[in-house]
Amino acid sequence: MAAAVAVVVGVLASSAVAPSAASAAGRPDTVQQGLNALIREDGLPGALASVKDRQGRSRDYTAGVGNVATGSKVPVDGQVRIGSSTKTFTAVVVLQLVGEGKIDLDAWVDTYLPDLVHGDGFDGHRITVRQLLQHTSGLPDYEDLVGDDMREHRYFEPRDLLDIAFQRKAVFPAGKGWSYSNTNYVVAGLIVQKVTGRPFAEEVDRRVIQRIGLRHTYFPAPGDMTIREPHPRGYTRDAADAPLRDATRLDPSVAWAAGQMVSTNSDVNRFLTELLAGRLLPPAQLAQMRTTVPIGDTGAGYGLGIMSRPLSCGGVYWGHGGDIDGYENRGGVTDDGRAANVTVTSIPVDGAGTRRVEKVVDTALCR
């Protein structure tokens, strides 16, 4: 089986819309080369990307296979689970409610969810909404406490996730550091539900998806373990030399407001482009979203549900990557309108693999 998979994964496929001038002139396309290298050198099953240039021209790419058992092609701009890219959608909804005067970024969490967030070293009357969105709350993460079988098959209520997280101590006192935690966005989603009186998924759909016409983006309903439209299958592996395991069928409630959504690379590009153009948030809230704190010494910064990353050609791009069993995506948009999003159909086994995915994004934005 492993040998058959290696043969199938070695097959490369590409498809394009609106070819660039470089490809038209017969020169190698550096984005396609980058995707091909991810398949060839990192052993990833499949990869797909969508790139938009300054003139608004878009091109889609694929590499590898969409199904290792059959060798079928990766669907062009297929749907994928976007994992933590969901956090930007969540932050947009919260910030819209801030603009409407229904949420105060600097109010305590207990203002909206009294007595819910309490544990060893953390307290909801000492953590602000802003700190949730910026990962400066110190709340512990739950992700590594949820086993593979639980992630793939169990339905979680948001408060189940908090019960798991709150078994742990605070990472640091609120406001005294930065540490990425999915727990922050589960709490943020509950605040949205409390102040709107509506299910979180409905608010995302009404306020973001429908508003800007994202036709291939949705928040899966409870119990929906499938991906609706044409999609590459997603896989997991425990180590670089371990066999691939199909993880396409998944109960994404384990991620909820921190990472449950399904979309396409082109829809994510459109969402981020519309967001930075000011079509989803008033200027004051967009400015707050783009006010960042450093992420260590990486050169990247974390705002309110969005990150800035430096480009090799100068400047930065804005976006939010995501990992969930079977899929990893990286990408973002620049202030002058360039956009790129890349998805691979298995999470790389180490940080070096993820950096190579990010390098393809940099290549796409710097061409």
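A: The account below starts with the core, then turns to the pocket and ends with the backbone.

This is a predicted model, in which local features need pLDDT of at least 70 and side-chain atom pairs count only at pLDDT 80 or more, while totals for chains, interfaces and linings use all residues. Residues are numbered from 1 along each chain as its sequence is written, and side-chain values use heavy atoms, with hydrogens and water left out.

A nonpolar core here is a set of buried Ala, Val, Leu, Ile, Met, Phe, Trp, Tyr and Cys residues joined through side-chain atoms within 4.5 Å, where buried means under 20% relative accessible area with a 1.4 Å probe and protein chains only. The largest such core has 76 residues, and V117, V187, F271, L275 and M289 are those with the most contacts inside it. Among the elements that each supply at least two residues of this core are α4 (86-99), α8 (182-196), α10 (265-276), α11 (283-289) and β14 (327-333), with helices (H or I, at least four residues) and strands (E, at least two) taken as DSSP runs numbered from the N terminus. The most is given by α4, with eight residues. Leaving aside residues up to four places away in sequence, M289 touches T88, A91, V92, L95, L275, L281, G303, L304 and I306, a contact being heavy atoms within 4.5 Å. A second, separate core of 20 residues includes L311, V344, V357 and V361.

The lining of the largest pocket divides into 14 nonpolar, 11 polar and 12 charged residues; Ala, Val, Leu, Ile, Met, Phe, Trp, Tyr, Cys and Pro count as nonpolar, Asp, Glu, Lys and Arg as charged, and the others, Gly among them, as polar. β13 (322-324) is one of the elements supplying at least two lining residues, and β13 gives the most, with three.

As for the backbone, most residues other than glycine have a negative phi. D77, in the loop between β2 (58-64) and β3 (80-81), has a phi near 55 degrees and is buried, with a relative accessible area of 18%. W256, in the loop between β7 (245-246) and β8 (262-263), has a positive phi of about 40 degrees and is also buried, with a relative accessible area of 8%.

Conventions:
Buried < 20%, exposed > 50% of the residue type's maximum accessible area, 1.4 Å probe, protein only.
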